[in-house]
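Have the structure open beside you, try each task, and then compare your steps with the solution.

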Amino acid sequence: MNRKADEKVSTFFLAGMVLMLVMIIFSRTLWVPSGVVERLSKKKWFQNHWLSGGYLFGINALYFGTTIFLLYLLMFTDIPYLHLVLMFLATIVSIFTWSAFSTAWTGSFKNRLKMALTGSSFYLILALIMVSQWLSVKPLYPNEDTFMRALGWMLGFFVSAVAFSICFIFTAFLGKRSPRVS
């Protein structure tokens, strides 16, 4: 990549990080789809922390799988920076989903933590896989430079760890306040 392209990508990622911080800080005023919140909050199974956490786990896996599939399809196009736009949109959709889950779920703080940990554990598992692959990078043939492969696994770990953290924060701490009942 040339210097100008590097600056654009760096600016895009910096803007994304700033947007994430703003969304976390102003999460109470973040728009959430009320229809989704209403439908989820009325489901009896959704108020069970294991079931709702498992459902969130499945949604996170679905979003991740869909994003990876779309990124794969984008490899066959010559449109520059479209992959960054796709990843940005996937992040925004995930944040709105996590916010809706957090708003719809009611129960004790302890059970909210269980639900959040169960749901966000998809990204924790993914991060552990990434760090395992990163730490075990070996050359596939003599004198192969493994730097780029190791860098890819490292970035994958970073993205997965950040997704786990943000998902956990949104679903555990930024929802409706419930009375602390053990």
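**Exercise 1. A salt bridge within a helix**

Task: Find the partner of Lys42 in a salt bridge, and say which helix holds the pair.

Solution. Keep in mind that you are working with a predicted model.

Step 1. The side chain of Lys42 forms a salt bridge with that of Glu38, at 3.4 Å from N to O. This falls inside the limit of 4 Å between a Lys or Arg nitrogen and a carboxyl oxygen.

Step 2. Both residues belong to helix H2, residues 34-42. They are four residues apart, about one turn of the helix.

Step 3. Now look at the surroundings. Lys42 has a relative accessibility of 65%, so it counts as exposed. Glu38 is at 45% and therefore counts as partly exposed.

**Exercise 2. The other ion pair**

Task: The structure holds two salt bridges. Which residue does Arg149 pair with, and is Glu144 buried or exposed?

Solution. 

Step 1. Arg149 meets Glu144, side chain to side chain, with 2.8 Å between N and O.

Step 2. Arg149 is partly exposed, because its relative accessible area is 28%.

Step 3. Glu144 has 17% relative accessibility, so it counts as buried. The cut-off used in this step is 20%.

**Exercise 3. The fold in outline**

Task: How many helices and strands does the chain have, and what share of its residues is buried?

Solution. 

Step 1. The secondary structure comprises six helices and zero strands. Along the sequence, the pattern is α-α-α-α-α-α.

Step 2. The chain has 182 residues, of which 33% count as buried.

Step 3. For contacts with a sequence separation of 6 or more, 78% join residues 24 or more positions apart.

**Exercise 4. H3 against H4**

Task: Classify the packing of H3 and H4 from the angle between them, then describe the makeup of their contact.

Solution. 

Step 1. Helix H3 spans residues 49-74. The angle between H3 and H4 is about 170°, and their axes lie 10 Å apart.

Step 2. That angle makes H3 roughly antiparallel to H4, since angles over 145 degrees fall in this class.

Step 3. On the H3 side, the contact includes Tyr55, Leu56, Ile59 and Tyr63, and on the H4 side Leu86, Met87, Val93 and Trp98 are among the residues.

Step 4. Sorted by class, the contact of H3 with H4 has 14 nonpolar residues, six polar ones and no charged ones.

**Exercise 5. H4 against H6**

Task: What angle do H4 and H6 make, and what is the handedness of their crossing?

Solution. 

Step 1. H4 covers residues 82-104 and H6 covers residues 147-173. They pack at about 30°, with 8 Å between their axes.

Step 2. This makes H4 roughly parallel to H6, because the class takes angles under 35 degrees.

Step 3. The crossing of these two helices is right-handed.

Step 4. H4 contributes Ile95, Trp98, Ser99, Phe101 and Ser102, while H6 contributes Ala163, Ile166, Cys167, Phe170 and Thr171. Seven of the residues in this contact of H4 with H6 are nonpolar, three are polar and none is charged.

Step 5. Zoom in on Ala163 of H6. Ala163 is buried, with 15% relative accessible area. Beyond its neighbours within four places in sequence, Ala163 touches Trp98 and Tyr123. The C-alpha atoms of Ala163 and Ile95 are 9.6 Å apart, although 68 residues separate the two along the chain.

Step 6. Ser102 of H4 is buried at 2% relative accessibility. From Ser102 to Val37, the C-alpha distance is 8.9 Å, across 65 residues of sequence.

**Exercise 6. Positive phi angles**

Task: Where do Tyr81 and Asn143 lie, and how accessible are Tyr81 and Asn143?

Solution. 

Step 1. Tyr81 is not a glycine, yet its phi is positive, at about 65°. Tyr81 sits in the loop between H3 and H4.

Step 2. Tyr81 has 31% relative accessibility, so it is partly exposed.

Step 3. Asn143 has a positive phi near 65°, and it too is a residue other than glycine. Its place is the loop between helix H5 (109-135) and H6.

Step 4. Asn143 reaches 80% relative accessibility and therefore counts as exposed.

Notes:
Residues are numbered from 1 along each chain as its sequence is written. This is a predicted model: local features need pLDDT of at least 70, side-chain atom pairs count only at pLDDT 80 or more; totals for chains, interfaces and linings use all residues. Side-chain values use heavy atoms; hydrogens and water are left out. Axes are lines fitted to C-alpha atoms, for helices over the stretch in contact, and angles run from 0 to 180 degrees between N-to-C directions. Angles under 35 degrees count as roughly parallel, over 145 as roughly antiparallel, 65 to 115 as roughly perpendicular and the rest as oblique. A crossing is left-handed if the near helix is turned anticlockwise from the far one by less than a right angle, and right-handed if clockwise. Contact means heavy atoms within 4.5 Å. Ala, Val, Leu, Ile, Met, Phe, Trp, Tyr, Cys and Pro count as nonpolar, Asp, Glu, Lys and Arg as charged, and the others, Gly among them, as polar. Buried means under 20% relative accessible area, exposed over 50%, partly exposed in between (1.4 Å probe, protein chains only).
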